[in-house]
Structures are given as structure tokens and as C-alpha cells.
Amino acid sequence: MDIHTRLYLVRHGQVTNHLDGTCNGQNDVDITELGIGQMEAVADRLRDENLAAVYSSDLIRTRRGGEVIAENHGLIPDQFGAFRELDFGLWEGLNIGQIEEQFPGALDERRRKIVEYRVPEGESIGDLAGRVIPALKKILKANQGKNVVLVAHGGVNRVILADAMNLDLRNFYSIEQDFGCLNIIDYFPELAVVKLMNGQTF
């Protein structure tokens with residue numbers, strides 16, 4: 001088969017406010033001790049892989065994971081703002097109950113228009129895909145035939161997986177991405193093959 005580029009796509013570890021149901025979006029929250037352990041488990045899983053590069057968003061919850069994974073390979077992670085989580089705008093820092101209270105009916109409207117709905121002063125899922133996929137294509141092109149890691153966010157990962165499988169973004173929330181999960185995607189010239197999705201290493 002043709003030479004392919006392998007993407008190890010990781011979701012960051014458990015965040016400090018995970019029990020609050022908060023929409024973090026681009027708020028710069030850290031990860032817990034468990035989250036660090038999850039990243040260490042991914043690093044151990046990838047210890048013997050020949051990695052050309054490690055990438056992450058520029059938010060601390062992905063940067064820390066990228067640093068843990070890169071350390072075993074003598075690499076320094078590259079950080080890109082394009083891989084930040086969906087910008088939840090005025091919803092950031094709020095939980096579902098608070099959003100419903102402060103923006104009555106907005107959650108229902110977003111469910112009906114899942115791809116197009118733009119959070120006030122934030123982004124739509126379509127916007128997210130519009131910045132993530134071009135950035136991903138750049139790093140894949142720069143690393144053709146090699147293995148790379150991207151530590152990103154639940155929303156970012158869903159967009160990438162949907163693109164790899166040619167899924168309509170209306171299926172965005174049908175793709176689960178647990179804290180610390182590992183996905184493996186092989187990119188061939190004509191297609192992408194998802195080898196692992198939401199894999200657990202911890």
C-alpha cells in the first residue's frame with residue numbers, strides 16, 4: 001500500500017473543573033493529577049514509536065500533554081492557536097443550567113442548527129472546522145510518510161475524525177472523546193483510515 005502519514009490524535013487529560021460541567025472553550029484551565037497520569041499513559045503507549053513531531057494547541061491543558069509525550073522522544077512540541085477548542089464566547093465559564101438561564105432557548109436552537117449556530121461572540125462548529133482542517137493539512141504535508149502526535153481538544157478531535165471519515169458535521173456529538181483518549185489515523189494519498197478511536201490507555 002502507499003506510504004502513509006500516521007496521526008496520533010490525543011485529547012488532553014482531565015481538567016480541574018471537570019465536575020462543574022463548565023464550558024471551558026478557550027478558557028485556559030489546567031489538568032488534574034489524574035489528567036497528568038492519563039498523559040503519561042499515552043506517552044508510555046507511544047514510547048517506542050518513531051515520532052517526527054509533537055503538536056498541541058497553545059492552551060495549557062494540551063501543552064502539558066504535548067510536553068509529557070515529547071519528552072520521551074527528545075522533541076519540543078510545536079503549539080498552534082488554530083488547534084484551540086471551540087470558542088464558546090459568552091458561554092465560556094458557564095454550565096448548561098447557567099446558559100439556559102442567561103440565554104433562554106439558545107441551547108435548543110443550537111441543537112437544531114448544530115453546524116451553523118454561532119455562540120454569541122464565539123464560533124460555530126463550522127467555524128471550528130474551517131480553522132482546524134487547514135492547519136491539520138499543513139502539518140500532514142510537512143510530515144509526509146512520518147508519524148506525528150497532536151494533543152488537542154474534544155471538539156477539535158471530533159472535527160478531525162469526522163473529516164477523516166467523510167462524516168457530516170451534524171454527527172459531531174456522535175463521536176466520543178474521553179479525557180486522555182488516543183485516536184490513530186493513517187493518511188494515504190486518496191483516503192484516511194481510522195485505525196483507533198477513543199482508545200483508552202490509562
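Is Tyr-55 buried or exposed? With a relative accessibility of 7%, Tyr-55 counts as buried, where buried means under 20% relative accessible area, exposed over 50% and partly exposed in between (1.4 Å probe, protein chains only). Before we go on, please keep in mind that this is a predicted model, in which local features need pLDDT of at least 70, side-chain atom pairs count only at pLDDT 80 or more, and totals for chains, interfaces and linings use all residues. Residues are numbered from 1 along each chain as its sequence is written, and side-chain values use heavy atoms, with hydrogens and water left out.

Let us start with the aromatic rings. Rings of Phe, Tyr and Trp (its six-membered ring) pair if their centres lie within 6.5 Å; planes under 30 degrees apart count as stacked, over 60 as edge-to-face and the rest as tilted. By this rule there are five aromatic pairs. One of them joins Tyr-55 and Phe-80, a tilted pair with 5.9 Å centre to centre and 35° between the planes. This pair links distant parts of the chain, 25 residues apart: Tyr-55 is in strand 2 (residues 51-56), while Phe-80 is in the loop between strand 3 (78-79) and helix 3 (96-102). Helices (H or I, at least four residues) and strands (E, at least two) are DSSP runs, numbered from the N terminus.

Phe-80 also pairs with Phe-83, this time edge-to-face, at 6.2 Å centre to centre and 85° between the planes. Phe-80 is partly exposed, with a relative accessible area of 35%, whereas Phe-83 is buried at 0%. Tyr-55, Phe-80 and Phe-83 together form one aromatic cluster.

Now for the helices. Two packed helices are described by the angle between their axes and the distance between the axes. Helix 1 (residues 33-45) packs with helix 2 (residues 60-71) at an angle of about 35°, their axes 8 Å apart; axes are lines fitted to C-alpha atoms, for helices over the stretch in contact, and angles run from 0 to 180 degrees between N-to-C directions. On the helix 1 side, the contact (heavy atoms within 4.5 Å) is made by Ile-36, Met-39, Glu-40, Val-42 and Ala-43. Helix 2 contributes Arg-64, Gly-65, Val-68 and Ile-69.

Helix 1 also holds Gln-38, which counts as buried at 10% relative accessibility. Leaving aside residues up to four places away in sequence, Gln-38 touches Gly-13, Gln-14, Phe-179, Gly-180, Thr-201 and Phe-202.
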